[in-house]
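Visitor: Can we go through this one together? I would like to start with the charged pairs.

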Amino acid sequence: MSGYFELKRSGDQYVFNLKAGNHEIILSSQRYSSKASAQDGIASVRQNAPIDARYERKTAANGSPYFTLTAANGQVIGQSEMYSGTAARDNGIESVKANAPAATVKDHT
């Protein structure tokens, strides 16, 4: 089963999640003020996901590894969940690379 983007409203704003084929969230967006901006964010994730240099591998204050995906201009376009270890985080990055480029959009707005 392929991954997909789930686009939804959050109050008066829009957000999306990239989900793997098993329906687990692998990347979450920032909040957008318009649906069109959120759709542009999805397009940016699709474009930037295959490029390893766009991933920033980070560690939270509590020691949990996570990652962000950035656009060419350095702006963060998505963030992962917190992982139990660096290997799990790196698997999450590989999942985004594999799923995002061809992921369909499920529009729940």
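Guide: What follows covers salt bridges and then one serine. This is a predicted model, where local features need pLDDT of at least 70, side-chain atom pairs count only at pLDDT 80 or more, and totals for chains, interfaces and linings use all residues. Residues are numbered from 1 along each chain as its sequence is written, and side-chain values use heavy atoms, with hydrogens and water left out.

Visitor: How many salt bridges does the structure hold?

Guide: Eight, a salt bridge being a side-chain nitrogen of Lys or Arg within 4 Å of a carboxyl oxygen of Asp or Glu.

Visitor: What does K35 pair with?

Guide: D107, with the closest N and O atoms 2.7 Å apart. K35 is in helix α1 (residues 35–48) and D107 in strand β7 (residues 104–107), 72 residues apart. Helices (H or I, at least four residues) and strands (E, at least two) are DSSP runs, numbered from the N terminus.

Visitor: And E6 and K19, buried or exposed?

Guide: Both are buried, meaning under 20% relative accessible area, with exposed over 50% and partly exposed in between (1.4 Å probe, protein chains only). Their closest N and O atoms are 3.1 Å apart.

Visitor: Which residues are linked in a network?

Guide: D52, R57, R89, D90, E94 and K97, by salt bridges.

Visitor: Other topic. Where is S80?

Guide: S80 is in the loop between β6 (76–79) and α2 (86–99). S80 counts as buried because its relative accessible area is 7%.

Visitor: What does its side chain reach?

Guide: The S80 side chain reaches the backbone nitrogen of F67 at 2.9 Å.

Technical notes
Polar contact = N/O pair within 3.5 Å; in protein donor to acceptor, adjacent residues only side chain to side chain.
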